[in-house]
Amino acid sequence: MGSQSYFKALIICLIALIGSTQAQLQLGFYAKSCPKAEQIILKYVVEHIHNAPSLAAALIRLHFHDCFVNGCDGSVLVDSTPGNQAEKDAIPNLTLRGFGFIEAIKRLVEAECPGVVSCADILALTARDSIHATGGPYWNVPTGRRDGFISRAADPLRSLPAPFHNLTTQLTLFGNVGLDANDLVLLVGAHTIGIAHCSSISTRLYNFTGKGDTDPTIDNGYAKNLKTFKCKNINDNSLIEMDPGSRDTFDLGYYKQVVKRRGLFQSDAELLTSPITRSIIASQLQSTQGFFAEFAKSMEKMGRINVKLGSEGEIRKHCARVNN
Ligand code: HEM
């Protein structure tokens with residue numbers, strides 16, 4: 001290669017390298033372009049979350065359902081249109097909450113710097129700040145995600161784990177987005193907060209094998225209690241706490257329930273079927289601080305799933321609508 005073409009090639013490589021290092025998530029991505037963005041989000045969360053602390057659970061779930069379907073790109077926030085049924089209207093997403101909270105924050109951030117901060121980043125930061133403001137762990141949220149153009153109702157069913165999934169399926173779905181068994185056990189620890197609908201466990205309680213029976217892996221007394229006081233028949237769709245008595249407290253309650261065979265979902269019970277996942281649970285049960293530290297690592301990892309960067313996607317004006 002002549003020295004001229006050698007230098008040309010070198011320069012092209014350098015440009016590509018600079019381009020690729022720029023297009024990465026980074027802590028404080030908006031420090032110059034919208035320096036108050038993160039403050040605005042935190043302030044809103046701190047001022048409002050105490051009026052409805054159960055929203056912290058809703059918001060972290062929203063972030064999870066966003067990241068697992070087409071990456072963390074705000075696709076879960078988009079409304080359906082006459083020509084397109086969006087993710088929001090897929091069955092696993094019908095019980096999502098917290099959209100209004102995100103939209104309210106987006107309006108404040110847009111007023112400060114129009115067209116700069118993505119809905120995907122607002123969701124990631126809001127989820128973190130609400131969990132932390134209600135006494136849960138803190139994790140780093142590097143920013144720079146861009147919003148996706150695509151939101152299709154068919155995708156969540158393919159990508160999201162369901163409460164009736166066995167461990168193999170759960171591990172496959174987590175593996176599909178670059179997460180492992182450790183991440184699965186850690187992240188599902190978020191079930192220490194929040195609520196579910198009886199419909200998520202009605203088959204488990206009332207018709208497990210199609211013979212009017214109950215899943216034998218659930219603690220007998222607990223199943224009876226649920227059937228007597230909470231989900232009184234197969235069609236009852238009342239709300240139930242996943243970690244009874246401490247649904248707003250981020251603690252080890254979920255793991256304590258699971259080891260007593262009182263996890264609500266079949267997917268929870270499945271975590272006891274392998275020595276690997278069992279031992280991850282056992283090690284979380286050693287210390288809340290340890291759990292928080294590990295949870296933080298897995299959350300940061302989840303927040304990086306298939307993010308759109310640089311010139312990909314767009315910065316939506318409204319989180320519920322792709323720009324024209
Ligand atoms: C195997 C993986 C998972 C399965 C099968 C699963 C399943 C579910 C189901 C069925 C519900 C209740 C829906 C309802 O009946 O209303 C729920 C709620 C919830 N999930 Fe998960 N989930 C999983 C992983 C995660 C992860 C990774 C997070 C967060 C990092 C999370 C956070 C939550 C929270 C906080 C709620 C309560 C939401 C609220 O109070 O509105 N889940 N999950």
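Biologist: Which residue does UniProt list for "binding site" in the unreviewed entry?
Modeller: The UniProt entry, which is unreviewed, lists Pro161 for "binding site". UniProt positions follow the numbering used here, feature names are shortened, and annotations may be inferred rather than shown by experiment. Residues are numbered from 1 along each chain as its sequence is written. This is a predicted model, where local features need pLDDT of at least 70, side-chain atom pairs count only at pLDDT 80 or more, and totals for chains, interfaces and linings use all residues.

Biologist: Where is Pro161 found?
Modeller: In the loop between α6 (154-159) and α7 (167-176). Helices are DSSP runs of H or I with at least four residues, strands are runs of E with at least two, and both are numbered from the N terminus.

Biologist: Why is Pro161 classed as partly exposed?
Modeller: Because Pro161 has 19 other C-beta atoms within 10 Å. A residue is buried with 20 or more other C-beta atoms within 10 Å of its own, exposed with 12 or fewer, and partly exposed in between, with C-beta atoms placed from the backbone.

Biologist: And what does Pro161 touch, not counting residues up to four places away in sequence?
Modeller: Gln170, Leu173 and Ser267. Contact means that the C-beta atoms, placed from the backbone, lie within 7 Å.

Biologist: On to the ligand. How many residues surround the ligand?
Modeller: 25 residues, and Pro161 is among the closest, along with Thr95, Leu187, Gly194 and Ala196. A residue counts as near if its C-beta atom, placed from the backbone, lies within 6 Å of the molecule.

Biologist: Which element gives the most to that shell?
Modeller: α3, with five residues. α3, α8 (181-188) and β1 (195-197) each supply at least two.

Biologist: How do the shell residues divide?
Modeller: Into 14 nonpolar, nine polar and two charged. Ala, Val, Leu, Ile, Met, Phe, Trp, Tyr, Cys and Pro count as nonpolar, Asp, Glu, Lys and Arg as charged, and the others, Gly among them, as polar.

Biologist: What domains does the chain have?
Modeller: Domain 1 (27-158) and domain 2 (161-302), with bounds from an automatic or database domain assignment. Their centres, taken over C-alpha atoms, are 24 Å apart. The contact takes 19 residues from domain 1 and 16 residues from domain 2. On the domain 1 side, helix α3 (residues 55-68) provides the largest share, seven residues. The ligand shell draws at least three residues from each domain.

Note on methods: Two residues are in contact if their C-beta atoms, placed from the backbone, lie within 7 Å.
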